[in-house]
Amino acid sequence: VKALLQVDLAGRIVDQAGLGDYLSARVVLRYGDRVIGVVDIPIEDGLLSASDIRLAADGSVEVSERLRRVVVEELLMQNSPTSAPPSWTVVVCTRDRTELLRTCLDSLVAVTDPSGEILVIDNAPSSDATERLVAEYPVRYAVEPRRGLNRARMLGAHLATGEIVIYADDDTIAEPCWIPALLKEFSEARVGGVTGLTLPYELETPAQELFERHYGFGKGFHRRVFDIRSVAPTSSGAVGSGGNMAFRKELILRKGLFEAELDMGTRARTGGDLYAIYRVLADSYRMVYTPDALNWHRHRRELEDLRRTFYDYSAGAYSVFWKCLVEHRELAAVRIGWWWFRKHHLRELARTLTRRPNHLPVGVVLAAFKGTLAAPFLHLVSRRAERSRRAAHGSVLKEKTA
Amino acid sequence: VSEFSCTVVIASDSRPDQLNRLLSGLSLQTTDARIEVIVILDGVTDASRNVALAWEEKVGAFASFLVYEQSRNGLAAARNRGAFLARGPVLLFLDDDVIPEADLISVHLRHHATADHIAVLGDLEPVQMRPHSLCELSLWSWWEDTFHRRSAPGQPSSFRDFTAGNVSLRAEDFSRAGGFDTDFATYRREGHELGHRLLNSGVRFVAERGARARRHTVATVRGALRAKRNEAQGDVLLARKYPELIRGLPLMAAGDKRARRAAGLAMFLPWIGDLIFLARATLLWIPERLRRRRSWQAKFDVLQTYAYWRGLRRAVGSMKAVHALRETALPPMTQQIDASRPLAAQVERLNIDVPSRLLVLYKDDAVGSIELNPGNPEPLLPWIVREISERMASTLLLDVARGVLVQQAAEAASDVQLIETA
């Protein structure tokens, strides 16, 4: 269990007191709006002194190098001309999680300026609780009555008034620098999408720590540009994840980036974000990962949730690989799928069986295996369900027309 | 004062359907300005003539419409003819395979209303005619990168930025520069050549994404390779006319090992090379079908290198002649920027036509140097900032800290002096 803190190295570093419940702290280091890195520091007598933080920052080669680079970049780019940021819409898709949504909206409303808007898509709600909550905030609200996160995402894109559609999950919390950092990358027309850094909002339980250690959303503290010259589009998992991503609205609508047969609310469970990133890369657009677009994610607190999460993620990721292979003839999907299986599943199984430190519980590893093996079947069922729904919808339309 | 605000000059090269679409697009422009359209048919033998004449008969489509036919003299001569016949103060050159957005002319004219001696470079985004064609995706990515670079804040202008497919400039600037060089009759690079003269005559380039016309041509590997061969021949002409540009032309070096091998084959064993590369071009569909994009791109790059050097051989005859051409190049350049002053204004004035060494100073101290390459695909200002921050951060920060200390010491000394005086 770790305390999570943020320290701005551009300002004065002060002692952090009142941390008696924790043995160590994970400190996110920033320089103004730029995110520099993370250091883990042990806590003594509930106090984390400024000198400890400074020593930890100096002691990390990666942090001190990035800090030097960022300071020089900021120095040199002072007063440089920049292009005007595009208009934007933050789309939050949610389903019956009002408490999480409240925190998410609180953070979003605090960082929003008039150049954009927030749009909440309520996906197949079981009550009007979300609608009542949203009425308290200056945000737009729409209902997608059919279940499916990707359907909600597509509706969000259709209703968005901004050129850029930024997707946030209802269990994320935005930082003030989040939206400007994402928008900054869209100055290049070939950039179809941008992903950002997602760090854990809390590390209070073993399940949360295990999740962060083995399946954390963070992709490091270096900006990276992905295109078909640098990666196979099927490696979309390396680019980012659905809780912190933005795309051009025109591209989402033209290419139909979010397939209804994927992600939450379908048998495929997850993977809608991976497939969208795949489509962007396959069409020769660029994806940019920027660590400066920081938001926080509330990891699940219980081990049982962790087991389900690992099952869902494996099922979703392998459904996408399967879809890429079958529908787009992407042979690279086999290679990536095998690499992923070796790097994550087999390695985790070996670590669990040999009882290495911080290993995953065997049930969680088996859940990931189960999800992987079930993926082709799940994808097939999900696709058939979507097709029959479309066919039925088509016949209803025909009846209406007649 | 002319009765027209702008003359659109279209040099047409036997593409009747495209010409018809272009003229339809022009007839639907949202501008209130009076527009003159001149179509120069360059040795056409197909239906282009009928298309142009049909538009000539349409009353009210344009304020003035003129068709001129000439025997095949090349696009440069055709455009010059159009400019000669033009009556508008602003010339807008358009390729015949583009479809303009409805506000194309008004966006071009808006720039000319507010500034003199500028050439407005419009967007020419290629439309993907065949979905999933890697050749078209490659062409589209290249164009997007190119346009993004030329329109980036702080980007210096280069003769390479000037492409004649969607560009407007004042007629007097065009004639002062001497128009297109007709020596480039059948080759490409006539735009680059005029761009060089325009820059030398003081014309500033303004890249405007809003002035958009989309190119509707099916891109093929064969077409791309033919274009590369012609580019090489155009480069030879450029090199002969402008020794100051030679160092920035691809004929100076082939690139990596595979490119050098392809270039060697093209120069020394062209018959064998032609056979090998014909086979490679024919088999390029395999990685495309297997969706092996990086493999396809690498093979396509080598094919393009081969085609370029094959064109070079056709233009100069031998490697010895290429070496002779290289020897006429001017000596390498060294430029400098001062990191203690705002960078954007300094970067905008850099010469990126040829490779050079860029000295980075902080006040009077040298911090380091960077090799500037005209082939750099990124916008220059962020690239330079990244290079400095990655390679010279420690030295630069030390210089900054020393500067602060010196300043503080000077201030302290001046305070002491003041106290002593008091």
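1. Starting with what the second largest cavity is made of: its lining has 4 nonpolar, 2 polar and 1 charged residues. Those residues are B:Pro126, B:Val127, B:Gln128, B:Glu136, B:Leu139, B:Thr217 and B:Ala219. The space inside comes to about 30 Å³. Bear in mind that this is a predicted model.

2. How many cavities are there of 30 Å³ or more? The count is 2. The largest cavity has a volume of about 80 Å³.

3. A:His214, A:Tyr215, A:Phe310, A:His344, A:His345, A:Glu348, A:Leu360, A:Val365 and A:Ala368 line the largest cavity. Sorted by class, that lining splits into 5 nonpolar, 3 polar and 1 charged residues.

4. Which helix gives the largest share of the lining of the largest cavity? That would be H11(A), with 3 residues. In chain A, helix H7 (206-215), helix H11 (332-353) and helix H12 (362-401) each put at least two residues into the lining of the largest cavity.

5. Over in chain B, have a look at helix H12, which covers residues 293-316 and has 24 residues. From its first C-alpha to its last, H12 of chain B reaches 34 Å, close to the 34 Å expected at 1.5 Å a residue.

Methods
Residues are numbered from 1 along each chain as its sequence is written. Chains are lettered from A and ligands numbered from 1 in the order in which they are written. This is a predicted model: local features need pLDDT of at least 70, side-chain atom pairs count only at pLDDT 80 or more; totals for chains, interfaces and linings use all residues. Side-chain values use heavy atoms; hydrogens and water are left out. Helices (H or I, at least four residues) and strands (E, at least two) are DSSP runs, numbered from the N terminus. The expected span of a helix is 1.5 Å times one less than its number of residues. On a 1 Å grid over the protein atoms alone, a cavity is a set of points where a 1.4 Å probe fits but cannot get out, and a pocket is an open set with protein on both sides within 12 Å along at least five of seven lines; lining residues have an atom within 4 Å of a point. Grid points are joined across faces, edges and corners, and a volume is the space filled by probe spheres set on the points. Ala, Val, Leu, Ile, Met, Phe, Trp, Tyr, Cys and Pro count as nonpolar, Asp, Glu, Lys and Arg as charged, and the others, Gly among them, as polar.
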